[in-house]
Amino acid sequence: MKLVTFDDGRVGRLELEERVVLALEVGSTREYFERDGRVTETGERLSLDDVRLRAPIVPKKFFHTSGNFREHEDESKNVDWSHPMHKGIVFFQNVDAIVGPDEPVIYPEHLTSELDYELEIAVVIGKPGKFFGVDDAPDHIAGYVVFNDITARDIQRREMESGVFSFCKAIDTFCPVGPYIVTADEIPDPQNLDMELRVNGKVRQKSNTSRMSVSIPHLVAYHSPQGYSAGDLITTGTVQGVAGFSGDPDMYLKPGDIIEAEVERLGVLRSPIVSWEQGHGTPVPQKVDW
């Protein structure tokens, strides 16, 4: 099943081949998972062309994983940061930064000049739980969705001087998610999915989930001591090819760019980059610093 959120927050089941959304009687996709999918259809059939897709879910908690693809860990050694990046880095995302498919990422020119992309998968938790092992993890996985971890590298570089980072990834609109959630029953082997990110049609990142250092069930079990609610998200970490580790400053994002983040069987998440003034209709504010 492909679950979508559309228009003013309605939830539906997407039949992609027919380009039809079947409306569901539930208040949110988070509630859908809290009710273990026990919801009914309203009987309303809507053309996909006539609805606006939103972020398919806004979780209660959004867990980040970093350094989980070997190739990305290797490319991070191209930059002289004060602390190495390695698997096992965990932090929370700001859920208020979430935007959906085709919604703009607003470039905060007063904060950063090194805006970057990171193609990832977010695992959707369907069953609450805590302190469980790898063998039990699949019982808690409800589905998967494409995630683009937008990052301000110059801010991250400063944060890394203390060995942690969060602000660089949590700025408003830096969290595109979508276009829909694919339930786990449609993805029999999540460890063999092709991944590709394009900027203005040119491939920047390309890999496969088989290259993870730590598998998805292992990740889900590893995070479980923090406690799960239905609808929580966990990211897998990104693959090689980010601008910040390329040595080429021209690869950083700029207003006018279009990002297409694609994962096999999970769809394409499209995100335009717009200037502050275009996104907000106001001049760029003064930077607040310390």
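Modeller: Arg198 has a relative accessible area of 12% and is therefore buried, where buried means under 20% relative accessible area, exposed over 50%, and partly exposed in between, computed with a 1.4 Å probe on protein chains only. This is a predicted model, in which local features need pLDDT of at least 70 and side-chain atom pairs count only at pLDDT 80 or more, while totals for chains, interfaces and linings use all residues. Residues are numbered from 1 along each chain as its sequence is written, and side-chain values use heavy atoms, with hydrogens and water left out.

Arg198 forms a salt bridge with Glu196, the closest N and O atoms being 2.7 Å apart; the term stands for a side-chain nitrogen of Lys or Arg within 4 Å of a carboxyl oxygen of Asp or Glu. Both Glu196 and Arg198 are buried. Arg198 also forms a salt bridge with Glu260, and there the closest N and O atoms are 3.3 Å apart. Because Glu260 lies in strand S18 (residues 258-263) and Arg198 in strand S15 (residues 194-199), this pair ties together parts that are 62 residues apart in sequence. Strands (E, at least two residues) and helices (H or I, at least four) are DSSP runs, numbered from the N terminus. Glu260 has 25% relative accessibility, so Glu260 counts as partly exposed.
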